Amino acid sequence: MTRQKTYLVISALGEDRPGIVNQLSKVILDQGCNIEDSRMTVLGGEFAAMLLVEGKWNTLAKIENALPEVERQLGMTIICKRTGERATGRNLLPYAIDVVSLDHPGIVNNLAGFFAERDINIEDLSTSTYAAAHTGTPMFAVHMTVGIPADLHIAALREDFMDYCDALNLDAVLEPLKG
């Protein structure tokens, strides 16, 4: 019988400065736990981290008890929540989507609506803005990973998605996730 893994999701937000990742990861390591998955980035002047920490229930409890002091030391807002392993009941195909367009409000909401209407889960999403080469025009880029139900006709979905993006003047690519 395999032991069901126990997890703690930790979210931390605070003013960016060197050493934050070191201090957060040290608390986790010192309690005998492991960072299994994470996303960390600087947004504006703030550092944001989301960590999936795996460990025994009692070592996760030690981290939970240590976090208020870590929060005080780092001057961050830290929240945590226990979770279990991700359910894998549905047969989903992982696809990557990249979209680029002139920057304007509503792009993420439009894309999310397209996939929500088709019961397609967005599993990962990142966005960025940048200035176009030569012109300096404000541009917006979206990269996402979705789980497409295996019984969905991919060619029809791709055609609907490309038509949808064309109507919104979005340059898009939808392709199987590689690796």
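**Cavity, pocket and helix pairs**

Mentor: Searching the whole structure turns up one cavity of 30 Å³ or more (a set of points on a 1 Å grid over the protein atoms alone where a 1.4 Å probe fits but cannot get out). Keep in mind that this is a predicted model, with local features needing pLDDT of at least 70 and side-chain atom pairs pLDDT 80 or more, while totals for chains, interfaces and linings use all residues. Numbering starts from 1 along each chain as its sequence is written, and side-chain values use heavy atoms, without hydrogens or water.

Trainee: How much space lies in the largest cavity?

Mentor: About 40 Å³, taken as the space filled by probe spheres set on the points.

Trainee: And which residues line the largest cavity?

Mentor: Ile10, Leu24, Val27, Ile28, Ile63, Leu67 and Val70, each with an atom within 4 Å of a point. The lining splits into seven nonpolar, no polar and no charged residues. Helix H1 (20–30) and helix H2 (57–74) each give at least two of its residues; helices here are DSSP H or I runs of at least four residues.

Trainee: At what angle do H1 and H2 pack?

Mentor: About 160 degrees, and their axes lie 11 Å apart. H1 is therefore roughly antiparallel to H2, a label for angles over 145 degrees.

Trainee: Which residues make that contact?

Mentor: From H1 you have Gln23, Leu24, Val27 and Ile28, and from H2 there are Ile63, Ala66, Val70, Gln73 and Leu74; contact means heavy atoms within 4.5 Å. That comes to seven nonpolar, two polar and no charged residues.

Trainee: Switching over: how do the axes of H3 and H4 cross?

Mentor: The axes of H3 (residues 107–116) and H4 (residues 154–167) come within 12 Å and cross at roughly 155 degrees. H3 and H4 are therefore roughly antiparallel to each other. Asn110, Leu111, Phe114 and Phe115 of H3 touch Leu157, Asp160, Phe161, Tyr164 and Cys165 of H4. Their contact has seven nonpolar residues, plus one polar and one charged.

Trainee: Now the largest pocket: how many residues line it, and which lie nearest its centre?

Mentor: There are 23, with Asp37, Ser38, Arg39, Leu52 and Glu123 nearest the centre. A pocket is an open set with protein on both sides within 12 Å along at least five of seven lines. This one holds about 740 Å³ of space.

Key. Axes fitted to C-alpha atoms, helices over the stretch in contact; angles between N-to-C directions. Parallel < 35°, antiparallel > 145°, perpendicular 65-115°, else oblique. Nonpolar A, V, L, I, M, F, W, Y, C, P; charged D, E, K, R; others polar.
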